[in-house]
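Q: Could we go through this structure together, step by step? I would like to begin with the chain as a whole and then turn to its parts.

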Amino acid sequence: MSAGVELDHVTVRFGDFTAVDNATLDIRGGEFFSFLGPSGCGKTTILRTVSGFLEPSEGAVKIGGQNMAGIGPNKRPTALIFQNLALFPLMTVAENITYGLRVQGVDKATRQKKADELLQLIALPGQGKKLVSELSGGQKQRVAIARALCVQPNVLLLDEPLSALDLKLRQHMRTELRSIQRLVGITFIYITHDQGEALTMSDRIAVMSDGVIQQVADGKTIYDEPATAFVASFVGENNPFAGQVVAADASFAVVETKLGRLRGRNIKGLKAGDKAILFVRPESAKLQAGGADTTFTSTVKSVAFEGNMTHVFLDGPTKKDVTVTVGRHGGVAIPGQGESATISYDAQLGLVLPEGKMARE
């Protein structure tokens with residue numbers, strides 16, 4: 001059984017510091033929902049507030065429509081997987097998985113049956129008698145998931161559970177986690193600073209900065225239509241061109257930048273005179289001339305070959321280089337260091353947003 005989670009104007013303060021500021025959103029039952037943001041942005045504070053380890057300073061957390069005020073962690077229909085997994089080293093895998101049932105006084109035969117079912121679910125059949133120390137990192141991760149699911153929560157909370165794994169295993173576990181969530185059908189709320197995790201696994205994502213939810217949307221919308229300069233600069237690579245809007249209509253805006261006048265989609269309805277930042281993704285830029293207001297020229301600082309793609313770094317309007325990514329068979333000559341290069345992009349792939357705080361490099 002799954003349940004939706006509602007944050008109703010939730011604010012969490014620690015003294016004079018506001019960790020979460022007026023967070024309001026609805027997480028649907030059965031949804032894989034992620035909070036994405038840099039360290040210290042408030043995402044783990046939200047998770048701890050949903051789980052009951054923290055009480056909101058203002059606002060309310062509702063699970064399945066019920067206000068959780070005054071209800072402790074052990075009474076909420078949630079289970080939490082910690083970053084360090086917190087498995088018991090002296091217990092067997094099966095004992096770890098069924099620990100919650102043991103605390104509840106469930107008999108041994110029922111616990112064993114449940115352990116067998118969950119070991120089958122996490123693709124570790126017959127491994128119940130092993131000690132945790134005998135498992136690989138990925139297997140430990142799956143045992144932690146099984147232990148959380150054993151108490152049949154309506155909402156599973158996951159606090160950066162893959163951060164300690166190496167890259168290959170992390171990528172594999174993304175698929176495993178998403179598959180398990182679909183099988184059990186309960187609500188997953190996932191905390192991460194890793195964009196790849198959030199984009200590949202989530203039904204929807206909340207991007208956070210300094211305790212504020214900047215945008216809530218599916219991964220494709222977050223990537224293609226970021227709502228703020230922070231989201232545009234935090235999610236994926238992006239080339240920012242700051243300046244002032246000199247012309248605008250309902251579809252496009254032209255921004256006067258240090259590299260000339262450049263045009264992009266005007267999704268925020270900016271007007272002439274507004275300060276703005278035009279964003280162009282590295283994969284949207286091309287090493288060739290285009291339209292008059294979608295072309296600029298710069299000098300190549302360095303070139304990085306990465307097998308299936310090549311990154312060309314050029315002098316930019318700020319300390320940050322302009323990056324152009326060329327596919328392995330892009331059909332264009334790659335300029336060398338110190339050479340001048342003409343860069344263009346499709347205006348539909350440029351995005352003009354109001355001037356605002358950017359993500360830290």
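This is a predicted model: local features need pLDDT of at least 70, side-chain atom pairs count only at pLDDT 80 or more; totals for chains, interfaces and linings use all residues.

Q: What percentage of the residues count as buried?
A: The protein chain has 361 residues, and 48% of them count as buried.

Q: Let us turn to the sheets. What is the strand order in the open sheet of 4 strands?
A: The order is E2-E1-E4-E5, and the pairing is antiparallel.

Q: Which strands stand at the edges there?
A: Strand E2 (17-27) and strand E5 (66-67) do. Each has a single partner strand, so one side of each is left without a neighbour in the sheet.

Q: Over how many bridges do E1 and E2 pair?
A: Strand E1, residues 5-14, pairs with E2 over 7 bridges in the antiparallel sense. As an example to find in the view, Leu7 stands opposite Leu25 in E2.

Q: Which helix lies across E1, E2 and E4?
A: That is helix H1, residues 43-51, and it runs at about 115 degrees to E1. Strand E4 covers residues 58-63.

Q: Is H1 mostly covered or mostly open, and how many of its residues are buried?
A: H1 is mostly covered, with 7 of its 9 residues buried. The buried residues are Lys43, Thr45, Ile46, Leu47, Thr49, Val50 and Ser51.

Q: What comes just after H1?
A: Gly52 follows, with a positive phi of about 100 degrees.

Q: Now a new topic: helix packing. At what angle do H4 and H5 pack?
A: Helix H4 (residues 108-121) and helix H5 (residues 137-150) pack at about 135 degrees, and their axes are 10 Å apart. H4 and H5 are therefore oblique to each other.

Q: Which hand does the crossing have, left or right?
A: H4 passes H5 in a right-handed crossing.

Q: Which residues meet there?
A: From H4, Lys114, Leu118 and Leu121 meet Ala146, Leu149 and Cys150 of H5. The residues of this contact divide into 5 nonpolar, no polar and 1 charged.

Q: What lies in the loop between H4 and H5?
A: Ala123 has its place in that loop. The phi of Ala123 is near 60 degrees, a positive value in a residue other than glycine.

Q: Where does Gln152 lie?
A: Gln152 lies in the loop between H5 and strand E7 (155-159). Gln152 is also a residue other than glycine with a positive phi, near 55 degrees.

Q: Why does Ala123 count as partly exposed, and why does Gln152 count as exposed?
A: The cut-offs decide this: exposed means over 50% relative accessible area, and buried means under 20%, with partly exposed in between. Ala123 is at 46% relative accessibility, so it counts as partly exposed. Gln152 is at 59%, so it counts as exposed.

Q: What pairs with E14?
A: Strand E11 (residues 239-248) pairs with E14 in the antiparallel sense over 6 bridges. In this pairing Pro240 stands opposite Phe279 in E14. E14 also pairs with strand E20 (residues 350-354), in the antiparallel sense over 5 bridges. There, the bridge partner of Ile277 is Leu353 in E20.

Q: Finally, what is the order in the open sheet of 5 strands?
A: The order is E15-E19-E16-E17-E18, with antiparallel pairing. Strand E15 (285-286) and strand E18 (322-327) are the edge strands, each pairing on one side only.

Q: How many bridges join E16 to E19?
A: Strand E16 (residues 295-305) and strand E19 (residues 340-345) run antiparallel and are joined by 5 bridges. In this pair, Thr295 stands opposite Ser344 in E19.

Note on methods
Residues are numbered from 1 along each chain as its sequence is written. Side-chain values use heavy atoms; hydrogens and water are left out. Axes are lines fitted to C-alpha atoms, for helices over the stretch in contact, and angles run from 0 to 180 degrees between N-to-C directions. Helices (H or I, at least four residues) and strands (E, at least two) are DSSP runs, numbered from the N terminus. Angles under 35 degrees count as roughly parallel, over 145 as roughly antiparallel, 65 to 115 as roughly perpendicular and the rest as oblique. A crossing is left-handed if the near helix is turned anticlockwise from the far one by less than a right angle, and right-handed if clockwise. Contact means heavy atoms within 4.5 Å. Ala, Val, Leu, Ile, Met, Phe, Trp, Tyr, Cys and Pro count as nonpolar, Asp, Glu, Lys and Arg as charged, and the others, Gly among them, as polar. Two strands pair if DSSP finds at least two bridges between them. Buried means under 20% relative accessible area, exposed over 50%, partly exposed in between (1.4 Å probe, protein chains only).
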